[in-house]
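Here is a short tour of a two-chain model, written for reading beside the structure. Please keep the 3D view open as you go.

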Amino acid sequence: MSFLSGWTIAIAAGLTVPPLVALYFLKLKRGIVPVSSTFLWKRAVQDLHVNAPFQRLRSNLLLFLQLLVLLLAAFVLGKPVRQAIQKHEDTLILLIDQSASMAVVEEDGRSRLEIAIDEAKRIVNRMDDKARAMVIAFCDRATVVSSFDTDRAALERKLESIEQTESLSRLSEAIALAEAYSQNLIIAGAEAGADIAPTSAAPPATALIFSDGRIHDLGTLNIQRLDTSNMQLVNVAERSDNVGITSMSARRSYEQPDVLNVFAEVRNFGPESASFDAHLYVDDQHRDVQIVRLDPGSTEADPASETTGAALQPHEPDVPLPGSVASVAFDPFDYGGSGVVEVRLEHRDALEADNRAWAVIDPPRHVKVLLVSEGNLFLERVLPTLPLQIEVMTPDEYESTDQEMLADGDRSKYDLVIFDRHSTDRLYQGGYFFWGAVPLIDGVVMGDPIDDEIIFNWDDSHPVLRHVPVANIEVYQWNRLELPSEAETLIEGESSPVLSYFTRGGSQYLICAFGLLAEDEVGQPMMNTFWVFKPHFPMFMYNAVAFLSSSLSANARMTTRPGDPVALARPPTADTLTIRRPRGGRDVLVPGKVSTAHYARTRRVGVYTVEPAAPGQETFAVNLFSSAESNVRPSSVLTVGTSTLEATKGSQLINEPLWPHLLIAALVILLIEWVIYNKRIFV
Amino acid sequence: MTAEGRQHGNGLLDPEFMNRLDQLEIVSRKIFRGKMRGERRSKRRGESVEFADHRNYVPGDDLRFLDWNILARLDRLFLKLFLEEEDLHISLLIDVSKSMDWGEPGKSLYVRRVAAALAHIGLSNFDRVSLYGFADGLTCQLAGVRGRRRVSKVMEFLSALECDGGSNLAEACKQFAIRHPQPGIVMILSDFFDKGGFEQGFRYLLGRNFDLYAMQVLSPEELEPELAGDLQLRDVEDDDLAEVTISRALLNRYKRNLEAYCASIKEYCTRRGINYLFTSTDTPFDQIILSYLRRRGLLR
């Protein structure tokens, strides 16, 4: 309870209470009544005269009642109000965030999602009888939990059915759904059948967003029909202490495939420094522990996230990720089998989902490389220095070899095929490195030779060019390349790319516009570049082979983000696929005759197992790996479109006047006082 | 009783009631030596016609009471003893302070009627009856009245009593004790609202070996006061003022005090052999005389 005019109380009480008390101190004008003797009366009143006047004040109920009436009247003048939930009389759209950060358990023991649901239920309870509401739960996808309904009990039941996910938080789909439903509502309104424009007289819907404000796509949100002035953000979050694993890598050593290296990136988003142990488990067996010390994350509010939401974009290059970061490198260890590697942080914080990360490891195998060349002394000398299984074919042999020799189904049997000045369209899924040639696929054309041009730009941050001083490379001539737009140029000449990389159809292509050898004017082979004599040429080949083959064999499988679908190949003998979820429960997929099924119920982090599974798909891991979700600091301001939403704590509160209640109480007390005065029941 | 006597009830007693009183007599629990021979049989050997006992003759005895028959047969001197018949001295101390002029009906009228009845009984039995009015001392008296013919005088005396002055029981008892050394029945009729206390007055009388009766008479207005509001209570005797705010709690406290005060008088009397009688003026007067006092042993 608060007072809009607090000073009035003091003034009114000061003016009325002292005179009332003074009146009680004044000598009463008493009526004289003769009695036979005052002998016993004096004894009776003897106690009352002890310690007067305080004794009188102590026991004078009438005085207290009158004081109470006066004080209540003074309170009425002070315009008392209390914070009450606004009673909604219109159309409500309740948008409930169910993303990973909403799993944070706040100080009162409830998770943010539970708080959001409770707040939403309170608002639903306060709805006017004619008001209607719809409920949309959103994370990376939006779900209509309840369409527009006036049944408060049904809405409450629907609200309670919203489940926690560990997905990212995206609002755009929820907004689109809300707009669609509210538009339907206007068209199918009271004047059904009439021509009702979108700017109908129907009351605009009020959208209440129950979230901690950690929403990814606010910067790209496109709101067309909803009135942003009718949107409210109900913040349900307070805690900000969280440490999370934002990335994890488990890869086999290139030189020693049996050796496994595990790295993890850990960030502290909380205001306090943190020190804890990071444990490494392999197939649930403890393997290693590292001590992690992290400085406090940003203690101030993140201005970017509060104004535009752009900082929540996980891959925004210009905005640094929040929090202090530490890289955890576990000691390499021998591991020859396949299994699951888990990194676990022994740290109690707000969010549990990002304290564990998993990676599924395939068994080691040596990289198989096929060199297709008419004969290249330099490549034939360099490649055997690398830990590879090398086979060599001439272009004619390659073109005439049976498919079964080159591929296993659609997939190449070789991790990498190096073509030396031989362009071909005989390509399967795999890695390809073209020297002075191109894959004969759409969008890739090798043009005329180019002379007398220089290399003027390159990307030395790319793994292929690591430790390679490109400035020292001299090339006699190379061919003009026309490449698809998604191609990434690693070395660029004046008018044409020299070295490019792109992926297509599950294959990777590294295309070098020149060959190590060229033909002179009479058709004799000649040196096209002296690069081969430079010490960094073997380094380049090492990088290229490792880069093109590593993602295929030596690394852990690609991790899946919560909510992302996973493509599962159907084993030839299986009609159904059973997926066991990490926290119990199973799903059965019936792919039918389709060779690949997609499983999308990956909203919880952990290791999922598939039975029966295609080779290499027995398990897959789902990890949060999101700085935006791990940064659980509540955002107090959101910019939605052109409007700025300031978060309200809990439900939208209004000042509800209390003076009628106080006035009634004062009248009741006055009545009691009158009764007591007349009946003389009490002193 | 003669018609003349009955006509002298003076409004205190009606003739029919006086006839009923004729059947009663006052009984004393103690042996008193009366001044005169009366109709009351005494345990003292005396000169009545009713034989009681013999005793040996000692020189100096009245020879008229010598038992000659025994002397003739046994040749020994025996004296015949006869029962003595004496009168009883009944003293009634009537409170006539201003506080007695209170209540409806008034306490004064009530105690005068009680006194009239007792005096009538006493006179009817040839007892010696003395009446005293007292306030801050003995204010009036009618002492030593005997015989039925004096009933009218007694009634006149009682009718003429007026309430005036404050209460001083101790002074009144002191004066009474000095004037009347003879034993007898003494009954004090009062409300005992004496700010000086009642104990001292009783103490004066206890020394005289009276057969004491104390009758406390209160009015319903004193037992259940019907007062309300902020009042200034004025004592009718001494104009003393008491400022009170009447409330349920205060009334309860007053009643508790009154009960405690009456209980203290009763306890004091019981411990000292004084007969304590309590009555309210709303109790019918004839019931007090014909029933209550008989039960308590004063009347027979």
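Which residue in strand 12 of chain A is the bridge partner of Ser275(A)? The partner is Arg293(A). A quick note before going on: this is a predicted model, where local features need pLDDT of at least 70, side-chain atom pairs count only at pLDDT 80 or more, and totals for chains, interfaces and linings use all residues. Residues are numbered from 1 along each chain as its sequence is written, while chains are lettered from A and ligands numbered from 1 in the order in which they are written.

Strands (E, at least two residues) and helices (H or I, at least four) are DSSP runs, numbered from the N terminus; two strands pair if DSSP finds at least two bridges between them. In chain A, an open antiparallel sheet of four strands has the order 12-11-15-16. Strand 12 (285–294) and strand 16 (356–361) of chain A have a single partner strand each, so one side of each lacks a neighbour in the sheet.

| Strands | Sense | Bridges |
|---|---|---|
| Strand 11 (274–282) and strand 12 of chain A | antiparallel | nine bridges |
| Strand 2 of chain A and strand 8 (229–235) of chain B | parallel | five bridges |

Across the interface, 21 residues of chain A are in contact with 31 residues of chain B (C-beta atoms, placed from the backbone, within 7 Å). On the chain A side, helix 2 of chain A gives the largest share, seven residues.

Terms used
Contact = placed C-beta atoms within 7 Å.
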